[in-house]
Amino acid sequence: MKLMIASDIHGSAYWCKRLLEKYNEESPDILLILGDILYHGPRNDLPRDYAPKEVAAMLNPLADKILCVRGNCDSEVDGMVLDFPIMAEYALLHIDGVTIFATHGHKYSEDNPPKIPAGTVLLCGHTHIAKIAEHEGFTYVNPGSVSIPKEGTGHGYMIFEDGEFIRKPLED
């Protein structure tokens with residue numbers, strides 16, 4: 001199974017379009033979105049081409065291919081314009097022998113992991129910083145942000161395939 005993992009779109013039509021271009025190139029089985037889809041949040045500047053309605057219109061045709069967890073900027077009203085569920089706090093996946101605890105990262109995080117079995121991957125967004133780090137008992141993985149990357153990590157996403165996480169840029 002091939003997962004495409006994205007986080008923190010924050011209503012950017014420009015970066016969502018770029019993500020979906022890569023989605024078409026990658027042909028994943030599932031697009032896993034780690035929250036913060038439509039709203040930019042009070043701490044972020046408006047991302048490029050901020051247009052939440054356009055982002056919803058771009059993502060809705062893929063509703064049967066999207067698995068999503070709730071970000072701190074997602075609300076029930078966002079779910080009213082999206083055709084896929086967004087309010088789950090986490091998703092527990094077991095793919096290719098790897099257990100993945102997928103969450104946004106504002107509650108459970110690298111510094112505050114949930115109680116998970118040893119060897120589990122803790123997959124989070126929220127910080128907008130791409131990172132893979134080994135910890136005692138778990139591996140922390142963050143794809144960074146689609147629209148508002150921080151600490152020079154660049155706009156990007158991840159692919160999970162054959163038990164491996166690979167970070168890929170959205171910029172040429």
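Reader: How do I read a sheet here, and in what order do the strands of the open sheet with β1 stand?
Author: Here is the general idea: strands of a sheet pair through backbone hydrogen bonds, either parallel or antiparallel. In this structure, 5 strands form an open sheet in the order β3-β2-β1-β9-β10, and the pairing is mixed. Strands are DSSP runs of E with at least two residues, helices are runs of H or I with at least four residues, and both are numbered from the N terminus. Two strands pair if DSSP finds at least two bridges between them. Do keep in mind that this is a predicted model, where local features need pLDDT of at least 70, side-chain atom pairs count only at pLDDT 80 or more, and totals for chains, interfaces and linings use all residues. Residues are numbered from 1 along each chain as its sequence is written, and side-chain values use heavy atoms, with hydrogens and water left out.

Reader: In what sense do β1 and β9 pair, parallel or antiparallel?
Author: Strand β1 (residues 3-6) and strand β9 (residues 156-161) are antiparallel, with 3 bridges.

Reader: What is the strand order in the open sheet with β6?
Author: That open sheet, also of 5 strands, has the order β4-β5-β6-β8-β7 and mixed pairing. Its edges are β4 (90-95) and β7, each with a single partner strand, so one side of each has no neighbour in the sheet. Ignoring direction, neighbouring strands of this sheet are turned by 20° against each other on average.

Reader: How many bridges does β6 make with β5, and how many with β8?
Author: Strand β5 (residues 98-103) pairs with β6 in the parallel sense over 3 bridges, and 4 bridges join β6 to strand β8 (residues 138-142), also in parallel. Val-121 is a handy landmark: Val-121 is the bridge partner of Ile-100, and its own partner in β8 is Thr-139. Both faces of β6 are covered, with Thr-120 and Leu-122 buried on one side and Val-121 and Leu-123 buried on the other. Buried means under 20% relative accessible area, exposed over 50%, and partly exposed in between (1.4 Å probe, protein chains only).

Reader: Now for helices: at what angle do α1 and α2 cross?
Author: In general, two packed helices are described by the angle between their axes and the distance between the axes. Here, the axes of α1 (residues 13-26) and α2 (residues 52-59) come within 9 Å and cross at roughly 15°. The two helices are therefore roughly parallel to each other; angles under 35 degrees get that label, those over 145 are roughly antiparallel, 65 to 115 roughly perpendicular and the rest oblique.

Reader: Which residues make the contact between α1 and α2?
Author: From α1 come Ala-13, Cys-16, Lys-17 and Leu-20, and from α2 come Glu-54, Val-55, Met-58 and Leu-59, where contact means heavy atoms within 4.5 Å.

Reader: And Lys-22: buried or exposed?
Author: Lys-22, which lies in helix α1, counts as buried at 16% relative accessibility. Setting aside neighbours within four places in sequence, Lys-22 is in contact with Met-4, Tyr-157, Pro-169 and Leu-170. Lys-22 and Leu-170 are 148 residues apart in sequence, while their C-alpha atoms are 7.5 Å apart in space.

Reader: What does Asn-60 touch?
Author: Asn-60 lies in the loop between α2 and β3 and is buried, with a relative accessible area of 16%. Not counting residues up to four places away in sequence, Asn-60 touches Val-81, Leu-82, Asp-83 and Phe-84.

Reader: Last one, about backbone angles: what is phi of Ser-27, and what is phi of His-126?
Author: For Ser-27, phi is near 50°, a positive value in a residue other than glycine. Ser-27 sits in the loop between α1 and β2 (30-33), and is exposed at 53% relative accessible area. His-126 has phi near 70°, again positive in a residue other than glycine. The loop between β6 (120-123) and β7 (131-135) holds His-126, which is partly exposed with a relative accessible area of 21%.

Notes: Axes are lines fitted to C-alpha atoms, for helices over the stretch in contact, and angles run from 0 to 180 degrees between N-to-C directions.
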